[in-house]
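Please read them with the coordinates open.

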Amino acid sequence: MNLREARALLADRGFRPGDDSAKTFPDGSPYKVEIPSCEGPRVMTAVLEEAKTRGITIDRVSQGSGVMMLTDAEIEEMLSLGASAGVEVCLFLGPRGAWDIGGQAKVSHAVGGVARGNDQVAASLCDAFRAVELGVRSLLVGDLGVLELLGALKVDGSLPSDLVLKTSVLMPLPNAPTAQLYERLGATSLNVSTDLPVPVLAEIRSVTTVPIDMYIEVPDDQGGHVRFYDVPDIVRAAAPVYLKMGLRNAPNIYPVGAHLAGTAEALGRERVRRAELILRLLAEQDEG
C-alpha cells in the first residue's frame, strides 16, 4: 500500500480533512476558558478574584495534584466556590506513574499519567468515587484503562451519567482516530496534544462530538508553545473548544501544599491575565 492508497483507506473510514466547525457548546458559545493547575480553594479564590478584577469569565478550573492530595473540606470549598461563580471544577485522579517507584516515567513524560498495575487502577477508582460522593461532577483522567472503566461505570449507573470525564494532556491525543477512540471509551472532553497544527484540530473535530481542550500557552514540560495568534483559527477549526491557559517559564509544582501556596496563587493569577490577552484577540477578530 502506498501513501495515496492509505489516505483513501482512511477517507473510506471517515477520516478526512476537516473544515471550519459549526458546532458549539449547549449555550451557543464556540469557546470557553479553562484555568488549569487550580490546586485548591486558596488558588481558586485567587483565580476568581483576578477574573472579577479583569472582567473576564472563567468557565472551568482544573486541578493537577489529584483528588488524593485534597481534604474533604478543601474539595467541598472548591465546589462551593464553583457553584457561586458558575465554574466547573475538574479534579485529577491518582496516583500516577510519574510519582511511583518505577523508572520509565522519570525519563518519559508519555507515561507520567498512567496507573501502574491493578492496585493503582483501584486507587484511581477510589479517588473517583470519593470525589463523586462529595459532589464533584468533573474528573481529569490520565490513564486509558481507567477511562474505559469509568465510562463503563457511567453506563451501568454506578457513576452519574452527567459526570465529565476529561482526558489529560498526559494521554497523547495526536490524531482523529485516537480522539474517536477516547470518546468511544467514555471521554466527554478531549485534551489534545499541545503541538497540533490547525488542520489536524479540524480533522479531530470532524469525527468527534465532545468539546476539545487546547493549551494556548503550554507548560515547558509539554512543549512551551505560546500560540496566542493562533486562537481565532483554533476556535474556527475546533469549536466547541476550551482555551486552556498554561504558563511557560513556570515551575512544575505538583503536588501543591502550603509550602507552595504563594507560588500556586501567583501562577493562577497570571494564567487569568494570559486569558485576558487571548480574549482581546478574539474580540478584535469579532470587531473586524
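1. What volume does the largest pocket have? In this predicted model, the figure is about 620 Å³. Its lining comprises 33 residues, and those nearest the centre are Leu170, Asp221, Gln222, Asn252 and Tyr254.

2. Several elements contribute to the largest pocket. Strand E2 (60-63), helix H4 (104-107) and helix H10 (261-287) each give at least two residues to the lining. Sorted by class, the lining of the largest pocket holds 16 nonpolar, 11 polar and six charged residues.

3. Confidence should be read alongside the pocket. The protein chain has an average pLDDT of 92, with 97% of the residues at 70 or above. The lowest confidence in the chain falls in H4, where the mean is 68, and H4 is one of the elements that line the largest pocket. Strand E5 (residues 164-167) has the highest confidence, at 98.

4. The second largest pocket has a volume of about 220 Å³. Helix H2 (residues 41-54) supplies the largest share of its lining, three residues. Among the lining residues are Glu39, Arg42, Met69, Glu74 and Val256. By class, the lining of this second pocket has seven nonpolar, two polar and three charged residues.

5. Two cis peptide bonds deserve a look. One joins Gly94 and Pro95, with omega about -5°; Pro95 sits in the loop between strand E3 (88-92) and H4. Another joins Ala239 and Pro240, with omega about 0°; Pro240 belongs to the loop between helix H9 (231-238) and strand E8 (241-245).

6. Positive phi values in residues other than glycine also need checking. Ser37 has phi near 55° and lies in the loop between strand E1 (31-35) and H2. Asn249 likewise has phi near 55°, and its loop runs between E8 and H10. Are these residues buried or exposed? Ser37 counts as buried because its relative accessible area, 9%, is under the 20% cut-off. Asn249 counts as exposed because its relative accessibility, 69%, is over 50%.

7. At the start of helix H1 (residues 3-12), a side-chain oxygen of Asn2 comes to within 3.2 Å of the backbone nitrogen of Arg4. Just after H1, Gly14 adopts a positive phi of about 95°.

8. Thr178 is part of helix H7 (residues 176-185). With 19% relative accessibility, Thr178 is classed as buried, because the cut-off is under 20%. Leaving aside residues up to four places away in sequence, Thr178 touches Pro172 and Leu173.

Note on methods: Residues numbered from 1 in each chain as written. Predicted model: local features only at pLDDT ≥ 70, side-chain atom pairs only at ≥ 80, totals over all residues. Heavy atoms only, no water. Helix = DSSP H or I, 4+ residues; strand = E, 2+ residues; numbered from the N terminus. Buried < 20%, exposed > 50% of the residue type's maximum accessible area, 1.4 Å probe, protein only. Contact = heavy atoms within 4.5 Å. 1 Å grid on protein atoms, 1.4 Å probe; cavity = no way out; pocket = protein on both sides within 12 Å on 5 of 7 lines; lining within 4 Å. Points joined across faces, edges and corners; volume = space filled by probe spheres on them. Nonpolar A, V, L, I, M, F, W, Y, C, P; charged D, E, K, R; others polar. Polar contact = N/O pair within 3.5 Å; in protein donor to acceptor, adjacent residues only side chain to side chain. pLDDT = per-residue confidence, 0-100.
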